[in-house]
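Student: I am new to this structure. Please take me through one part of it closely, step by step.

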Amino acid sequence: MSAKSDANFATQCIHGGLDPDPLTGAVMTPIYQTSTYAQSAPGEHKGYEYARTQNPTRDALQRNLAALEKGKFGVCFSSGLAAMDNVIRLLEPGDEVLASDDLYGGSYRLLTAVFGRFGIKSRFIDMRDPAAVKEQLSPATKMLWIETPTNPMLNIVDIAALTSLAREHKLLSVVDNTFASPYLQQPLELGADLVVHSATKYLGGHSDVVMGAVITRDETLAQKLYFLQNAAGAVPGPQDCFLVLRGIKTLHLRVQRACENARHIVAVLQKNDLVANVYYPGLEDHPRHDVAKRQMRDFGAMISFDLKEDTLEAATQVMKNTHYFTLAESLGGVESLIGHPATMTHASIPREQRLSVGLTDSLIRLSVGVEDAEDLVKDLEQALAAAVGVLD
Ligand SMILES: *Cc1c(COP(=O)(O)O)cnc(C)c1O
């Protein structure tokens, strides 16, 4: 049965916004695989006319997502970038977006190469210091686009400080909550107007679906987004909505275990003689550890580290020799992944620019999954040992 609004997170994952199917009592949300709905007379129907506009499986997911983020309205799109695309369409030509300077690469591309052509400008700034963000505001600034933790340097941005700055200056504040998931961080509670997700990652959680979502408490914004969802049409299919609903039922268990595994791995990496730096917001000497502690329930399952032998060759040896960590893009699934930002996700960024933010040639990013920590640790240790040959 649908969870009460004061129910805790795990209960929301399983029951938030969800009721047995009214037609049959089916406990799990059915996949309404239909493009259209019968009308008894022209314009007389049961609230469903055409599946771009409404679909019961999608409706259930949208209610569930709203509950998870402590919002009122969820709006799903066919990918994380489609969700972002529709959020940026809330702006007008001439408006400006201020965004984090270590933004997800696809978000950077959408803002610059697509919206730049339609007269929406973007500037990319270091958002770690809220006072410095304030100095960057211009009369054209209409939106703050916040990502935290960031990829791949795991920087932390103070959400409450930036959303209060946004409110003061009548800007829309948007948080891309993909890296944290609502289990770890709930930006609407910290004052954000909109939360965006690539549901492809932790929400789906099994690396088998591409989807995006926006969640808000503001009815006016929600109505504009529902209008765009239908008018621009980047909707997810019902089968994918079912998969994400199913994934969310274990979101709290998966992310909790992944965080525990990450803690073990961080401890081992820190002790390893071949490792130079470990980037993880749970470390007490992380420069924004206090902010992470305040705004997150735990510190996430994304870890980056680099090698004392700071070469592509050394990093490649490590990545070629892991057994359970699969070399692949993406994150947030049950399985552990390993990746090389300099040649994979961040290959388009000039070398000098990436070195200046600490993104070295040997930087390796881990998305820690929910396997046994002991096996993951052993796997990394033997892969690091295999790289010793090239270090000499
Ligand atoms: C993957 C990702 C996106 C884009 O989502 P897609 O579902 O791949 O379109 C946006 N932001 C972040 C932080 C991501 O990791």
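Tutor: Here is a close look at one strand, its partners and a residue on the way to it. Keep in mind that this is a predicted model.

Start with strand β5, residues 172–176. The strand is mostly covered, with five of its five residues buried. Side chains in a regular strand alternate between the two faces of the sheet. In β5, both faces are covered. L172, V174 and D176 are buried on one side. S173 and V175 are buried on the other.

Now look at the partners. Strand β4, residues 141–147, runs parallel to β5, and five bridges join the two.

The loop between β4 and α6 holds D158. Is D158 buried or exposed? The cut-off for buried is under 20% relative accessible area. D158 has 15%, so this residue counts as buried.

What does the D158 side chain meet? One of its polar atoms lies 3.1 Å from the backbone nitrogen of A161. The side chain also makes a polar contact of 2.9 Å with the side chain of R294. Setting aside neighbours within four places in sequence, D158 is in contact with V291, R294 and Q295.

Conventions: Residues are numbered from 1 along each chain as its sequence is written. This is a predicted model: local features need pLDDT of at least 70, side-chain atom pairs count only at pLDDT 80 or more; totals for chains, interfaces and linings use all residues. Side-chain values use heavy atoms; hydrogens and water are left out. Buried means under 20% relative accessible area, exposed over 50%, partly exposed in between (1.4 Å probe, protein chains only). Helices (H or I, at least four residues) and strands (E, at least two) are DSSP runs, numbered from the N terminus. Two strands pair if DSSP finds at least two bridges between them. A polar contact is a pair of N or O atoms within 3.5 Å; within protein, one must be able to donate a hydrogen and the other to accept it, and residues adjacent in sequence count only if both atoms are side-chain atoms. Contact means heavy atoms within 4.5 Å.
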